[in-house]
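These are my notebook entries on one model, written down in the order in which I looked things up.

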Amino acid sequence: MSRLATFLTRTAGNPDKAERFGITDFLAYGYLLFGVLIVLVPVAWTFFTSIKPERAVDNFDTRVLPYAQIEAEIDGQGPKPLWVYTDEDGNEMLVFKAGPTRRETDVATPEAPDEIFTVPRTALSPHETIRVAVENYLDPLLKRNGQENFHFFTYLYNSVFVTVVATLITLLINAMAGFALSKYHFRGRLTFTILIVATLLIPASIILVSLFFVVWSFGIFGSLWGVIIPAAATPTGVFLLRQYMLTIPDELLEAARMDAASEWRIFWRIIIPLSLPALSVLAILSVIWRWNDFLWPLIVLISDPKAHTLQLGLTQFAGEFNTDFHYILAMTVVTLLPITLVFVWLQRFITTGIATTGLK
């Protein structure tokens with residue numbers, strides 16, 4: 001706790017302890033707090049909404065706690081939501097609606113369901129209690145309550161396979177390209193680098209049709225490899241690794257060549273270990289890209305539901321006339337967990353990369 005307190009109370013004048021806060025310190029902490037809120041508020045809203053009952057989600061209940069309306073078994077009518085009726089004298093009683101909601105609504109008490117009387121709609125308030133809707137998570141995972149078509153573990157395996165394999169291939173290809181563009185001197189090296197970076201100006205939607213025909217011609221349409229291979233080399237990754245590898249001294253490579261090391265050995269034993277911080281950053285970006293990708297997997301895997309990823313599996317809850325938002329939010333929270341774990345595991349390499357250069 002003392003180290004955390006020291007970190008949170010650092011000032012521009014004294015990095016070890018807070019002696020005096022200046023305007024730059026207030027601006028810096030305000031900016032950081034604003035950034036944290038932008039990131040955490042949507043995630044927190046998603047989580048707290050995912051544990052609310054279906055009725056609360058459909059009614060756009062904006063309260064933080066998961067309030068659920070209490071139901072009672074009415075003789076001859078089945079379960080009915082209970083309401084609290086408050087009369088003009090302030091007396092309260094539990095009732096249920098015996099008809100449609102109007103300005104003057106027909107209600108009855110659970111003890112006497114046949115004795116119907118009329119009350120103002122504004123005098124009714126829901127009879128609620130705090131209840132965590134664990135069924136939002138358990139129903140899709142255990143295939144309960146009509147969720148037999150949501151194959152969570154199949155979707156999870158497909159997502160993990162696509163993400164892991166695609167990330168490994170991306171790291172390998174981009175690292176090789178970055179090594180060649182940073183450490184080999186040949187005519188047109190800068191031109192190739194500019195052309196690769198310039199592809200970032202082309203929107204992905206423009207090349208979808210041509211990319212579809214390429215995947216179709218190679219016979220990998222409808223398979224997970226059709227999702228993995230097309231985006232194996234990314235211009236962002238090539239540029240990131242090239243810029244980082246430029247900081248690695250050329251003297252290290254020359255010394256290895258004098259010791260009769262091959263180019264492949266230099267790449268694996270020198271370049272890759274020294275580039276771990278940049279590779280970690282690219283790994284995080286690749287995992288996020290592949291895990292959250294929706295449009296391209298939808299195009300490639302639309303013909304085979306068994307090959308769907310988690311992001312495509314969430315479409316099972318969206319029908320033509322009805323959408324189960326409580327299930328979508330709950331499964332969205334579940335899909336956030338792997339990304340969070342990957343970031344927590346790799347963030348220490350990012351910190352190292354900020355503090356050091358290629359020579360260690």
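In which loop is Lys143 found? I found Lys143 in the loop between α4 (135–142) and α5, where helices (H or I, at least four residues) and strands (E, at least two) are DSSP runs numbered from the N terminus. I note here that this is a predicted model, in which local features need pLDDT of at least 70 and side-chain atom pairs count only at pLDDT 80 or more, while totals for chains, interfaces and linings use all residues. Residues are numbered from 1 along each chain as its sequence is written, and side-chain values use heavy atoms, with hydrogens and water left out.

The phi of Lys143 is near 60 degrees, a positive value in a residue other than glycine. I then looked up its exposure, for which buried means under 20% relative accessible area, exposed over 50% and partly exposed in between (1.4 Å probe, protein chains only); Lys143, at 36%, is partly exposed. A positive phi also turned up at Ala260, near 70 degrees and again in a residue other than glycine. Ala260 sits in the loop between α10 (250–258) and α11 (263–274), and its relative accessibility of 69% makes it exposed.

Entry 2, strands. I took two strands as paired if DSSP finds at least two bridges between them. Strand β5 (residues 92–97) pairs with strand β6 (residues 104–108) in the antiparallel sense over two bridges, and a hairpin of six residues joins β5 to β6. Opposite Lys97 I found Val107 in β6. On to strand β7 (residues 117–120): β6 and β7 run antiparallel and are joined by four bridges, with Thr118 in β7 as the bridge partner of Asp106.

Lys97 lies over the face of Trp83, at 4.0 Å from the ring centre.

How many aromatic pairs does the structure hold? I recorded 19 aromatic pairs, where rings of Phe, Tyr and Trp (its six-membered ring) pair if their centres lie within 6.5 Å, and planes under 30 degrees apart count as stacked, over 60 as edge-to-face and the rest as tilted. The pair of Tyr157 and Phe161 is stacked because the ring centres are 6.2 Å apart and the planes stand at 25 degrees. Both residues lie in helix α5 (residues 152–183), four residues apart, about one turn of the helix. Tyr157 is exposed at 54% relative accessible area, whereas Phe161 is partly exposed at 23%.

Phe212 is partly exposed at 25%, and Phe221 is partly exposed at 23%. Ring pairs also link Phe150, Phe152, Phe153, Tyr155, Phe317 and Tyr327 into a cluster.

Which residues make the nonpolar surface patch of about 490 Å²? I listed Phe34, Val36, Ile38, Val39 and Leu40. Of these, I looked up Val36, which has its place in helix α2 (residues 23–50) and is partly exposed, with a relative accessible area of 41%.

How values were computed
A charge sits over a ring if NZ of Lys or CZ of Arg is within 6 Å of the ring centre and within 35 degrees of the ring normal. Patches are made of residues with over 30% relative accessible area and no salt bridge: like charges are joined within 9 Å, nonpolar side chains (Val, Leu, Ile, Met, Phe, Trp, Tyr) within 5 Å. Accessible areas come from the Shrake-Rupley method with a 1.4 Å probe; for residues, only the protein chains shown count as cover. A salt bridge is a side-chain nitrogen of Lys or Arg within 4 Å of a carboxyl oxygen of Asp or Glu.
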